[in-house]
Amino acid sequence: GSLDIGLGGKTYQGTILFSDIIGFTRLSESMSPSEVVRLMNEYFDRMVPCIERDGGSVDKFIGDAIMAFWGIPFDRGDAVGGAVRAAINMQNALVGLNSQLVAEGRPVVRTGIGINTGAVVAGNIGVGTRMEYTLLGDAVNTASRIEHAAVRGQVLISGATRALLGDQANVVAMPPLKAKNKAEPLEVYCLRALVVAGQESVISLPVRIGDHEAAIVRRLSDGSFIILHPQDCDIC
């Protein structure tokens, strides 16, 4: 009851996330249409709860891509933190999905994620008979450009997002990103961990143990780590 459902928009400060499956076109070529639909539904079923649990809203599905946002139209005070926590949890949730896919002899899924924070126009766009609530603006385009540069398992964040995270984030500085239609290179960081409580951190760090792929997903307050790995993998 607090939203105007008419056409039009307002300016907000928000955080935008784009997620995309790496090599989806090639992957889908080897599958039947029904297999693609099944895989995408399983994938979205894992990803969307990660977004919603941390206060995000899914703007739309764009084929295999997801666009989501935080802090719009209501800012609850932790839009940036919610977005990056969701991104880390999305990559970690994918570890579980891929484990299931491998067990069923199906191809695995790899994703790249891009996040940016900035001013956007948000509102109902379209015509009287067909409209949707969405975001427009340079901050949205920048988030999309950053996501396009992400490789599998990566969460890339902009300099604006990094600045708002402060000491919460553990990142790796990436080379300046020369993005399409941008006059200046973008400041980009690879997010690997986020402090969530005291000395505890959520982590998204792919690792290889022998022939097995695994992931470090959490650092506990006692300094120990939680690793997701295949059941038959001896981490020692």
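Q: What should I know about the model and the numbering?
A: The model is predicted, so local features need pLDDT of at least 70 and side-chain atom pairs count only at pLDDT 80 or more, while totals for chains, interfaces and linings use all residues. Residues are numbered from 1 along each chain as its sequence is written, and side-chain values use heavy atoms, leaving out hydrogens and water.

Q: How many salt bridges does a search of the whole structure find?
A: 11, where a salt bridge is a side-chain nitrogen of Lys or Arg within 4 Å of a carboxyl oxygen of Asp or Glu.

Q: Which residue pairs with glutamate 213 in a salt bridge?
A: Arginine 110, at 2.8 Å, N to O. Glutamate 213 lies in strand β10 and arginine 110 in the loop between α3 and β4, so the pair ties together parts 103 residues apart in sequence. Strands (E, at least two residues) and helices (H or I, at least four) are DSSP runs, numbered from the N terminus.

Q: And arginine 106, what does its side chain meet?
A: Glutamate 42, in a salt bridge of 2.7 Å, N to O.

Q: Is arginine 106 buried or exposed?
A: Buried, at 16% relative accessible area; buried means under 20%, exposed over 50%, partly exposed in between (1.4 Å probe, protein chains only). Glutamate 42 is also buried, at 18%.

Q: Switching topic: which element gives the largest share of the lining of the largest pocket?
A: α3, with 9 residues.
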